[in-house]
Structures are given as structure tokens and as C-alpha cells.
Amino acid sequence: MMKYFVILGLVFLISCSSLSHKKNKTNKKTLSKNKVVVHSIKPVKKTSWLYYSLGSYYKNKASKNKIEKKKDLLLAIKNFQKAARYGKSLDRIYYHISDSYYKLKKYQDAITYAKKSLKKNKKWLKPYLRLVNIYLLFRNHSRAAQIIEAYLKEDPNNIRVTYFLARHYLFRQRDFKKAEGVFNRIIQTNNQSMHLDFYRSYSNYFLGYISYLKKNTAGAILYLHKAIKNYSENKKAVYMLANLYFVNSEFNSAVHYAQKYLDSYPNNRAM
């Protein structure tokens with residue numbers, strides 16, 4: 001009887017051992033199936049585009065966050081300079097560095113990089129405008145004029161910049177002769193620029209204004225009529241005509257143009 005119980009005990013132990021072995025195998029299979037494979041993260045490839053994008057990000061961020069403006073602009077410059085090492089799109093990269101220095105009020109550095117941008121692309125307007133803004137800031141009007149003239153050698157058909165130069169000669173440098181020459185050039189242009197009638201009209205208006213300053217009232221009136229013919233909505237020309245006719249004691253014409261001016265402002269009857 002004792003032998004019988006010993007045999008039963010041995011059978012029980014062997015069966016438990018077998019079950020435990022099978023369970024361990026099953027667990028190992030389950031673990032191997034559910035095993036998470038961790039892949040190594042590849043580092044981002046450093047390229048000109050990466051640094052240019054980072055520079056643009058920090059520059060845009062600086063315009064929205066005044067507290068960290070200086071820090072963000074310096075980070076923008078640092079990344080743009082790294083992008084420049086690759087030698088691609090240098091005209092744009094140098095311009096953005098110039099613009100960032102301008103916003104930091106480091107004007108000499110802004111001038112340096114604007115000039116570098118122009119060496120890479122003489123036809124791009126933005127670096128010229130950056131230089132003009134800096135020279136105007138320091139009232140260096142003659143240098144600003146030279147920059148505008150340099151741009152117009154590259155793009156002589158840009159009517160907007162030509163008009164800007166004429167006004168610059170007139171109001172900032174008080175050089176009537178140069179202003180008259182550029183205003184006449186606008187009037188005589190044959191290109192199909194947008195708003196050409198507007199620029200021709202105001203060129204005639206300012207030629208009339210110069211004639212008035214030279215005490216040539218008859219010449220001024222002639223230019224002002226041309227201005228209105230070019231662009232009937234030129235209210236400045238209408239207003240000036242009313243005043244000149246009044247000064248000349250030509251009251252019928254003065255009243256006519258005064259009324260025309262008032263009609264353009266129906267809610268404001270004062271003149």
C-alpha cells in the first residue's frame with residue numbers, strides 16, 4: 001500500500017513539472033511575440049535649408065514676442081550664418097541677416113550684409129530699400145539717392161521707384177532740376193506699368209508745384225490741367241487750381257474748381 005502511494009506521488013510531481021515546463025514555453029512564445037523592437041533615431045541631416053528654416057522661425061518669433069526679441073534675433077542671425085556656409089541662396093540669406101541686424105539697431109552690420117546681398121543679386125529690390133531706410137534714418141539723403149539710382153540702372157522700368165526718386169529729389173534734397181528731369185521721364189514713359197496714369201498725373205501735379213515755387217503761375221496751371229486730364233481723381237491738382245485761379249482773380253474758374261473739389265467730399269463742406 002505504501003508503494004502505491006509513493007508511485008502516485010511521483011506521477012503527480014512529474015505531471016506538475018511537465019505543466020510548468022509547457023507554461024514557461026508558452027510564456028516565452030508570448031513574450032517573443034509581444035516584444036517591442038526599439039529602433040535608433042537617426043539624427044536630422046544638417047542642411048542649408050534646415051538652418052534657413054530655423055533662422056526664419058526665430059526671426060518671425062522675434063516680431064511677435066517683444067520680451068525675447070533680442071535673443072530670438074541673435075538666434076536667427078546665428079542660424080542664417082550657418083546656412084550661408086553652404087553657399088546657396090546667399091542673396092536672400094544675407095538680406096535676412098541684414099534685416100535682423102536692422103531690427104537690433106546694429107545699422108553698420110545691417111549695411112554690410114545688405115551690400116553682400118546686392119553682390120549676389122543686383123536686381124533684387126529689398127536690399128536697396130534696406131540701405132535707403134538706413135541712410136534716411138541718418139539723414140544722409142545724397143547717399144540714399146545714389147542707392148535708388150543704382151537700383152534703377154538694373155530696373156529702369158520700375159515706375160514706383162522712379163516716382164519715389166523724383167519725390168526724394170524734390171522734398172529731401174530740394175533739387176528742383178533733378179526732380180523735374182525724373183518727373184518728365186515718368187510722363188514720357190511708354191511702358192505698360194500698372195497705375196501709369198496715376199503716376200503721370202502726380203508727376204504733372206508736382207511739376208506744377210515746382211512752377212508755382214518758381215513763381216511761374218501760368219506754367220503751374222498748365223501742368224495742373226494735364227494732371228487732371230491724366231487722372232480725374234487727382235484732388236490735389238483740383239484744389240491747387242482753385243487756389244491759383246483765385247490768386248489770379250479768375251473767380252469763375254476758381255469757383256468751378258472749388259465746387260469740383262467740394263463735390264469730391266460730400267460730407268465735408270469746409271475748404
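This is a predicted model: local features need pLDDT of at least 70, side-chain atom pairs count only at pLDDT 80 or more; totals for chains, interfaces and linings use all residues.
Local features need pLDDT of at least 70 and side-chain atom pairs pLDDT 80 or more, while totals for chains, interfaces and linings use all residues. Residues are numbered from 1 along each chain as its sequence is written, and side-chain values use heavy atoms, without hydrogens and water.

Helix 4 (residues 90-103) and helix 5 (residues 107-120) have axes that come within 8 Å and cross at roughly 165 degrees. Helix 4 is therefore roughly antiparallel to helix 5 (angles over 145 degrees). Helices here are DSSP runs of H or I with at least four residues, numbered from the N terminus; axes are lines fitted to C-alpha atoms over the stretch in contact, with angles from 0 to 180 degrees between N-to-C directions. Residues of helix 4 that meet helix 5 include Leu90, Tyr94 and Ile97; those on the helix 5 side include Tyr107, Tyr113 and Lys120. Contact means heavy atoms within 4.5 Å.

The whole structure holds 25 aromatic pairs, that is, rings of Phe, Tyr or Trp (its six-membered ring) with centres within 6.5 Å. Planes under 30 degrees apart count as stacked, over 60 as edge-to-face and the rest as tilted. Phe171 and Tyr209 form a tilted pair, at 6.3 Å centre to centre and 35 degrees between the planes. Phe171 lies in helix 8 (residues 159-172) and Tyr209 in helix 10 (residues 196-213), so this pair ties together parts 38 residues apart in sequence. Phe171 is partly exposed at 37% relative accessibility, as is Tyr209 at 23% (partly exposed lies between buried, under 20%, and exposed, over 50%, with a 1.4 Å probe and protein chains only). Both residues belong to a cluster linked by ring pairs, with Tyr163, Phe183 and Tyr231 among the other members.

Methods:
Helices (H or I, at least four residues) and strands (E, at least two) are DSSP runs, numbered from the N terminus. Angles under 35 degrees count as roughly parallel, over 145 as roughly antiparallel, 65 to 115 as roughly perpendicular and the rest as oblique.
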